[in-house]
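Please open the model in a viewer and keep the selection panel at hand. The stops below are given in the order in which they may be selected.

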Amino acid sequence: MHELSIAQNIIEIVNDNLNDHQKNIVKSVRVKVGKLTNILPDSLVFSFEALVKDTDLDGAVLEIEHLPIKIKCAECGAVSTSDDFLFSCEKCGGNQIKILSGNEFLVSEIELND
Amino acid sequence: MSVLTVERKVLEKNEVIAQSNREFFKSHNIFSINLVSSPGSGKTSIVEKTIATCQNKFKIAVIEGDVQTDLDARRVDALSVPVVQIVTNGACHLEAPLVRDSLQSLDLNEVELLIIENVGNLVCPAGYDLGEDMKVVIVSTTEGDDKPLKYPAMFRNASVLIINKIDLLPYLNCSVEELEKNALSINPQLKIFRTSCTTSEGMDSWCNWLKSQLRK
């Protein structure tokens, strides 16, 4: 449970990418969160809203895009995707897999009211 | 309405410092492990036993992470190895800058193995690279054989699994075979050790393996 410090990281990245005028017209901040990051979306949004209150970013909305786990089987080559935890191939059942996606945690886009 | 593309990692600051820690360890010929587990699985006991078993073979230093108190550092200090305590004051995991700062007050002369004992927590420490060579996850038999399935990210990110308190198995409803099967279903590459800090079972093979991992 460390969503508050993570929200602070997100705000620093947003401020880093905007000039003073832009900071006051942020409509939304979009983050991509992989299934394997163990981030609690509600808690992250709550923390973000609490931290931006009465700052230049007040009113900005945090939008979370969830990325499922995507794996590739080293045995049969099949790619499987799941919103649940998945560590074995859905086609052949093999567990020698490579994780293609699910560990991401990115600030992807900032939308401005301009 | 305009959209700026950013695509920056939220934990990028931590990752930059973790990478510099990693380079520091490499340049000082230090092999480093990040010990992670739930509270009470025996991390500090494993550290003590590892020191007692390996101390004559290679030099060890320890970073202790705890939410409060320096009790663990005092236990390790009694074994006469360099130790530093990080108190996170409530934070649920160690981060790379804390490890970097603690290195300043640690005598690393000739140290070959650095053990970083993380805060007892199977969730948050999985997401934070400290610059270690590998994560070692400890599960004790008292916690039950389904633990890996409940905390898959940690078991996926670890390279080694220590199953501790193996001496208690006769008294518990825990199948060590089932525990291993569950862990390997998430991460088939896991190297597994079964240990007891009470009987010392498994400590020799754990320490021999550690020795084989040291940078020459």
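Begin with B:N29, in the loop between α1 and β2 (31-37) of chain B; helices (H or I, at least four residues) and strands (E, at least two) are DSSP runs, numbered from the N terminus. B:N29 has a phi near 55°, positive although the residue is not glycine. At a relative accessible area of 40%, B:N29 is partly exposed; buried means under 20%, exposed over 50%, and partly exposed in between (1.4 Å probe, protein chains only).

This is a predicted model, in which local features need pLDDT of at least 70 and side-chain atom pairs count only at pLDDT 80 or more, while totals for chains, interfaces and linings use all residues. Residues are numbered from 1 along each chain as its sequence is written, chains are lettered from A and ligands numbered from 1 in the order in which they are written, and side-chain values use heavy atoms, with hydrogens and water left out.

Next select B:S80, in the loop between α3 (71-77) and β4 (83-87) of chain B. Its phi is near 60°, again a positive value in a residue other than glycine, and B:S80 is exposed at 63% relative accessibility.

Then move to α1(A) and colour A:E3, A:I6, A:A7, A:I10, A:I11, A:I13 and A:V14, which are buried. They lie on the same side of α1(A), because they cover an arc of only 160° around the axis, taken from the directions from the helix axis to the C-beta atoms. On the face turned away from that buried side, select the exposed residues A:L4 and A:D16.
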